[in-house]
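Please open the model in the viewer and keep the sequence beside it.

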Amino acid sequence: MLEQAIRWFYPSLAGVPIEARWEGVIAINFDDRPSVGRCDNLYHALAYCGHGVVLSNHVGVIIRDLFLGRDSRYTRLSFVNTAVLPIPGEPWLSLVDWTYVNALRWLDARLNASATAVVRRTQPDWPQPPPVHYARPPAWVSMLSICLLACLLAVAAAALMS
């Protein structure tokens with residue numbers, strides 16, 4: 001899917017083979033922010049939310065400053081020494097996952113449609129973008145996911161306000 005999108009966006013790369021691909025497991029917190037901090041004598045940096053390559057150098061500086069007791073602009077970042085929202089266990093985790101993924105897919109489809117409309121206005125001879133197909137959950141899963149997300153947001157808001 002990504003390869004099709006690259007070849008559509010950069011038509012000059014149509015004959016260039018892709019030599020390597022990289023994928024891996026990423027760690028994500030419920031609030032999509034990394035967690036860096038200190039708990040007693042244990043320093044931690046986890047859940048970079050897919051930005052580990054970029055963040056790892058700065059996180060090293062944060063851990064250093066925490067270890068040395070320095071107050072710096074890095075130790076004052078919003079994700080340093082903050083509580084991590086707990087992620088619910090199964091079966092709720094699957095419903096939360098479906099809700100989150102489908103919300104991102106919906107947003108992605110809207111953004112793609114907007115970008116395609118801009119390209120159509122400015123460069124009408126460009127080819128149509130490749131279609132994107134997602135597996136759709138049953139309607140009852142979507143409805144339950146929406147209800148669950150509303151409940152979780154209410155609980156999270158109450159927890160943050162207390």
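In this tour, a residue is called buried under 20% relative accessible area, exposed over 50%, and partly exposed in between (1.4 Å probe, protein chains only). This is a predicted model, in which local features need pLDDT of at least 70 and side-chain atom pairs count only at pLDDT 80 or more, while totals for chains, interfaces and linings use all residues. Residues are numbered from 1 along each chain as its sequence is written, and side-chain values use heavy atoms, with hydrogens and water left out.

**Confidence**

Colour the protein by pLDDT, the predictor's confidence in each residue, from 0 to 100. The mean for the protein is 79, and 85% of its residues reach 70 or more. Helices (H or I, at least four residues) and strands (E, at least two) are DSSP runs, numbered from the N terminus. Confidence is highest in helix H2 (residues 52–68), at a mean of 90, and lowest in helix H4 (residues 139–161), at 74. Where pLDDT is low, the predicted coordinates should not be read in detail.

**The hairpin**

Select strand S1 (residues 35–39) and strand S2 (residues 42–46), which pair in the antiparallel sense over five bridges; two strands pair if DSSP finds at least two bridges between them. Gly 37 stands opposite His 44 in S2. Two residues lie between the strands of this hairpin, and Asp 40 in the turn has a positive phi of about 55°.

**Helix H2**

Select H2 next. A kink of about 30° is centred on His 58; the bend at a residue is the angle between axes fitted to the seven residues ending there and the seven starting there. Which residues of H2 are buried? They are Leu 55, Val 59, Ile 62, Asp 65 and Leu 66. These buried residues pack against S1 and S2, where contact means heavy atoms within 4.5 Å. Just after H2, Gly 69 takes a positive phi of about 75°.

**Salt bridges**

Finally, show the side chains that form the three salt bridges of the structure. A salt bridge is a side-chain nitrogen of Lys or Arg within 4 Å of a carboxyl oxygen of Asp or Glu. Asp 65 meets Arg 64 at 2.9 Å, N to O, and Arg 70 with its closest N and O atoms 3.5 Å apart. Asp 65 is buried, at 2% relative accessible area, whereas Arg 64 is partly exposed at 39% and Arg 70 is partly exposed at 44%. Shared partners join Arg 64, Asp 65 and Arg 70 into one network. Arg 76 and Asp 71 also form a salt bridge (3.1 Å, N to O), and both residues are exposed.
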